[in-house]
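Trainee: I would like to go through this chain with you. Could we take it one question at a time?

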Amino acid sequence: WDYWAVKIDGSGNKVWDKTIGGISTDYLQSTTPTPDGGYLLAGSSYSYASGDKTENGKGGFDYWAVKIDGSGNKVWDKTIGGNNSEYLRSTTPTPDGGYLLAGDSYSLASGDKSENSKGGSDFWAVKIDASGNKVWDKTIGGNNNDFLFSTIPTPDGGYLLAGYSGSSASGDKSENSKGYDDYWVVKIDGSGNKVWDKTIGGN
């Protein structure tokens, strides 16, 4: 599996397509337009340095961000991860021209991951600059599996992280499960610090 980007015109006709990948499995999950008319393609990769991938994996699946120009040509790529698997789900532009990469991680503090798992899988948010260099990362979770699926910028320069959680009140989770998995929304500021969290669900 590779990333596959297809540019179509306003009538749906193909203008170009690009296949971008390494030797193993690469799953694209999110695309974000960049200020220069290009795009950030982001997902998860199991490949080592090969093909279009310039860096080896850190362990299992890693976040893989690929910057392309408006014609689909690769500008740079970055592999970001810890000693276990990370699955990127969402990208959001940041006010300084960088990006927030977000998904979930099973890793301990290792590689690019500065904090240990809180239990099972956790939300993992990584701030990168416009060149793909890591600025900070935050591991946010409870004692069970927490899976992030969406990020939304907030008017104060922070972000809303949203997904679902099977954790009880523990770690960063302030409220118990309402019954098995629940929606879990976490507000962070522009530096990745938790402001509040809400558990929303039924039985």
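Trainee: Which residue in β2 is the bridge partner of Ala5?

Mentor: First, this is a predicted model in which local features need pLDDT of at least 70, side-chain atom pairs count only at pLDDT 80 or more, and totals for chains, interfaces and linings use all residues. Residues are numbered from 1 along each chain as its sequence is written, and side-chain values use heavy atoms, with hydrogens and water left out. Strands β1 (residues 3-8) and β2 (residues 14-20) run antiparallel and are joined by 6 bridges; two strands pair if DSSP finds at least two bridges between them. For Ala5, the partner in β2 is Lys18.

Trainee: Which residue in the turn between β1 and β2 has a positive phi?

Mentor: The two strands form a hairpin with 5 residues between them. A positive phi of about 90 degrees occurs in that turn, at Gly12.

Trainee: Which residue in β8 pairs with Glu86?

Mentor: β7 (residues 86-93) and β8 (residues 99-105) run antiparallel, with 7 bridges joining them. They form a hairpin with 5 residues between them, and Gly97 in the turn has a positive phi of about 95 degrees. The bridge partner of Glu86 in β8 is Ser105.

Trainee: How many helices and strands does the chain have?

Mentor: Helices (H or I, at least four residues) and strands (E, at least two) are DSSP runs, numbered from the N terminus. The count comes to 0 helices and 14 strands.

Trainee: How far apart in space are Asn145 and Tyr106?

Mentor: Not counting residues up to four places away in sequence, Asn145 touches several residues, including Tyr106, Gly119 and Tyr164; contact means heavy atoms within 4.5 Å. In sequence, Asn145 and Tyr106 are 39 residues apart. C-alpha to C-alpha, the distance between Asn145 and Tyr106 is 9.0 Å.

Trainee: What is the radius of gyration of the chain?

Mentor: The radius is taken over C-alpha atoms, and the globule rule is 2.2 Å times the number of residues to the power 0.38. With 203 residues, a compact globule would come near 17 Å, which agrees with the value for the chain, 17 Å.

Trainee: What percentage of the residues count as buried?

Mentor: The C-alpha trace spans about 50 × 35 × 30 Å along its principal axes. Of the 203 residues, the buried share is 49%.

Methods
Buried < 20%, exposed > 50% of the residue type's maximum accessible area, 1.4 Å probe, protein only.
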